[in-house]
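The stops below go from a pocket to aromatic contacts and then to annotated segments.

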Amino acid sequence: MDVLKRLGRWLDRPLFPWKKLIIGFSLGHYFFESYLSFRQYRVLQRTKVPKTLENEVDQTTFDKSQDYGRAKAKFGFVSGLFNQIQSLSIIHYDVYPKLWALTGLWLARYAPARFSGEISHSLLFIFAYSFAETLIGLPFSYYHHFVLEEKYGFNKQTVKLWLTDLLKSQVLTLAFGIPIGSAFLAIIQRTGDSFFYYLWLFMLGVQLFGITIYPILIVPLFNKLTPLSPGPLKDGVEALATRLNFPLAELQVIDGSKRSAHSNAYFTGLPWKKKIVIYDTLIEKSTDKEVEAILAHELGHWSMGHTTRLLVISQFHIFYMFALFSVFINNKSLYDSFGFTKERPIMI
C-alpha cells in the first residue's frame with residue numbers, strides 16, 4: 001500500500017504531458033493492429049486452397065470464404081480508422097470535461113436535489129456518452145448487417161428486429177448499469193486508499209452473478225430456447241458429456257436463424273450445472289457427427305480447464321488494473337491535462 005502511495009505521489013508531476021503520452025500510445029496501438037490486419041488481408045488474397053485443406057474444401061467454397069474475409073477486413077479498416085479519429089478528437093477537443101459540465105447542468109436543472117451527488121452525475125455522464133456512441137455507431141452497424149452480411153447471404157434479421165435489439169440493449173444497460181455503477185463508485189468513496197481490494201471482490205461477485213443470470217434472464221429476451229428433440233444427436237451429445245464427466249443439466253436449441261445464417265454452439269452455467277446450447281443453423285447445415293465434433297471442441301475447453309484458467313487470469317488482471325487505478329485516482333496533473341482543473345471525478 002505504501003509503495004502505491006509513493007508511486008502515486010511521484011507520478012503526480014505538474015505540466016507532465018499526459019495527454020500527448022496517451023495519444024501516442026493510442027496511435028501506436030492503432031498502427032500495430034492495422035499492420036497485423038494488413039498482414040491478414042494479404043493472406044486473404046491468396047487464391048489457392050492450402051494443402052492441409054485440399055481434401056476438405058473445394059475451390060469454389062474457398063474463393064467465397066476468401067472474398068467474404070476480404071470484405072470484412074475492408075470494413076474493419078474503415079470502421080477502425082473512424083473509431084481512431086473519433087477517439088483522438090474526443091481527447092484533443094476536451095469532450096470529456098465539456099460533457100461532464102453539460103451533464104452536471106442537466107442534473108442541477110432537471111433532477112431532484114437528492115440526485116446532486118457525484119454518483120448520480122457520473123452515471124448520467126456515462127449513459128449520455130454511451131448513448132451518443134451508440135447513435136454514432138448506428139451507420140456502421142446497419143452497414144455490417146444489411147449490406148455486408150446481406151451480400152453474402154448471412155443476414156436474416158429485419159430492420160425492426162435490429163432496432164428492437166438496440167432498444168433492449170439500452171434498457172438492460174440502464175437496468176444493470178445503475179445499481180452496479182452506483183455500488184462501484186460508493187465502494188471507492190467509502191473504503192479509503194484500500195478501495196481496490198473491495199472493488200475487486202465486488203467485480204468478482206458481479207461476474208459470477210452475470211454468469212448465473214445470463215442464460216436464465218438475458219438470452220430469452222433476445223432468442224427462443226427449446227429442448228433438443230430426442231434422437232441420435234441428443235443421444236450422441238449426452239454420451240459425449242458422460243465420457244468427459246461434463247455436468248450437463250440442459251441441452252437446448254437456440255433460434256439463431258432469426259438473425260444470421262452463421263452457426264455456433266456453446267456451453268454456459270455454473271461449475272456444477274452446465275447448459276449446452278446449439279444453434280438451429282448448425283443442426284440444419286451439419287450432420288449429427290459434425291455437430292458432435294464441434295461440441296467436442298467446445299467441451300474440450302472445459303475438460304482442459306481453459307474456462308477456469310481464463311477466469312483466474314482475468315481476476316489477476318482486474319486486480320492489477322484496480323491497483324494501478326488507485327495510483328492515478330488522485331493525480332492532479334493527469335486530470336489537468338484532460339481539462340479537469342476544478343474537479344477530479346472518480347469515473348473519469
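Which residues lie nearest the centre of the largest pocket, and how many residues line the largest pocket? Select Ile22, Phe325, Phe328, Leu334 and Ile348: these lie nearest the centre, and the lining has 18 residues.

Before going on, note that this is a predicted model, in which local features need pLDDT of at least 70, side-chain atom pairs count only at pLDDT 80 or more, and totals for chains, interfaces and linings use all residues. Residues are numbered from 1 along each chain as its sequence is written, and side-chain values use heavy atoms, with hydrogens and water left out.

**The pocket**

The volume of the largest pocket is about 730 Å³. A pocket here is an open set of points on a 1 Å grid over the protein atoms alone, where a 1.4 Å probe fits, with protein on both sides within 12 Å along at least five of seven lines; lining residues have an atom within 4 Å of a point. The volume is the space filled by probe spheres set on the points, which are joined across faces, edges and corners.

Now colour α2 (18-44), α11 (306-328) and α12 (332-337), each of which supplies at least two lining residues. Helices (H or I, at least four residues) and strands (E, at least two) are DSSP runs, numbered from the N terminus. The most comes from α11, with four residues. By class, the lining has 18 nonpolar residues, no polar and no charged. Nonpolar covers Ala, Val, Leu, Ile, Met, Phe, Trp, Tyr, Cys and Pro; charged covers Asp, Glu, Lys and Arg; the others, Gly among them, are polar.

**Aromatic contacts**

Next, show the aromatic side chains: there are 25 aromatic pairs in the structure. Select Trp200 and Phe319, whose ring centres are 5.4 Å apart with planes at 75°, so the pair is edge-to-face. Rings of Phe, Tyr and Trp (its six-membered ring) pair if their centres lie within 6.5 Å, and planes under 30 degrees apart count as stacked, over 60 as edge-to-face and the rest as tilted. Trp200 belongs to α7 (residues 195-222) and Phe319 to α11, so their contact ties together parts 119 residues apart in sequence. Trp200 is partly exposed at 25% relative accessible area, and Phe319 is partly exposed at 26%. Buried means under 20%, exposed over 50% and partly exposed in between (1.4 Å probe, protein chains only).

Move to Phe246 and Phe267: their ring centres are 5.5 Å apart and their planes at 80°, so this pair is edge-to-face. Phe246 is in the loop between α8 (232-243) and β2 (248-254) and Phe267 is in strand β3 (residues 265-270), so the pair ties together parts 21 residues apart in sequence. Phe246 counts as buried at 6% relative accessibility, as does Phe267 at 15%.

Then pick Tyr320, in helix α11. Tyr320 and Phe196 are 9.1 Å apart, C-alpha to C-alpha, and 124 residues apart in sequence.

**Annotated segments**

Finally, select residues 123-143, 171-188, 195-222 and 310-329, listed by UniProt as "transmembrane region" (unreviewed entry). UniProt positions follow the numbering used here, feature names are shortened, and annotations may be inferred rather than shown by experiment. Residues 123-143 are 100% helix, with end C-alpha atoms 30 Å apart.
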